Amino acid sequence: MEKVVIGEMKHSDLREAVVVTQQPWFMEILDKYNLYFFSPNRIVSPMMSLLFYGDSDCDPPKSISRFGKVSHIYRYVTREDLDSIPEMQGILNDPQFADEILSWDKYQIAVLSEVTLLQNPIPLTEEYKNHPRIIVNRTTTFAKLYKLK
């Protein structure tokens, strides 16, 4: 397991922000535990912030409704490592989430120091609403983000 602490990295080695998509179940995890699970299949490069785009089942749908500041990322995590991660203890004892999470074999976990629910979610233009994968898991800047509206 590797822990990447964002505050210990050079600014030039970090991406400013990454847009990630969320289904309602993952939004609940985010709101309750400030955790985001990246796919373990491709190692994520560090970023300062995550912008959460809710899919059509989220409320509000098809918009960026949350912003999170990344504290650190755990990479190359196996199921056996989970008990040694302090931020995972609460969620592993939560029956709403534990069984599903424990059924996974590998993990890549972003721990957020804060998550902000945007009072005015950023809806995407029709071009992006119909093809949200264009922006998902892509590096962006806050300047570019506001051009998506």
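Keep in mind that the model is predicted. The largest nonpolar core has 18 residues, and a second, separate core has 16.

**The cores**

- In soluble globular proteins, nonpolar side chains tend to be buried together.
- Within the largest core, the residues with the most contacts are Y36, F38, M47, L50, F52 and I73.
- Two or more residues each come from strand 2 (15-22), helix 1 (24-33), strand 3 (35-38), strand 4 (47-54), strand 5 (63-78) and strand 6 (106-123).
- Leaving out residues up to four places away in sequence, M47 touches I6, L14, R15, V18, F38, V70 and I73.
- The second core includes F37, V77, L92 and F97.

**Helix 1**

- Which residues of helix 1 are buried? They're M27, I29 and L30.
- Look down the axis of helix 1 and its buried residues fall within an arc of 155°, so they line one face of the helix.

- Most residues other than glycine have a negative phi, and most peptide bonds are trans.
- N34 isn't a glycine, yet it has a positive phi of about 55°.
- You'll find N34 in the loop between helix 1 and strand 3, and it counts as partly exposed because its relative accessibility is 21%.
- Y76 isn't a glycine either, and its phi is positive, near 60°; this residue sits in strand 5.
- The peptide bond from D59 to P60 is cis, with omega near 0°, and P60 lies in the loop between strand 4 and strand 5.

Terms used:
Residues numbered from 1 in each chain as written. Predicted model: local features only at pLDDT ≥ 70, side-chain atom pairs only at ≥ 80, totals over all residues. Heavy atoms only, no water. Core = buried A, V, L, I, M, F, W, Y, C linked by side-chain atoms within 4.5 Å. Buried < 20%, exposed > 50% of the residue type's maximum accessible area, 1.4 Å probe, protein only. Helix = DSSP H or I, 4+ residues; strand = E, 2+ residues; numbered from the N terminus. Contact = heavy atoms within 4.5 Å. Arc of directions from axis to C-beta.
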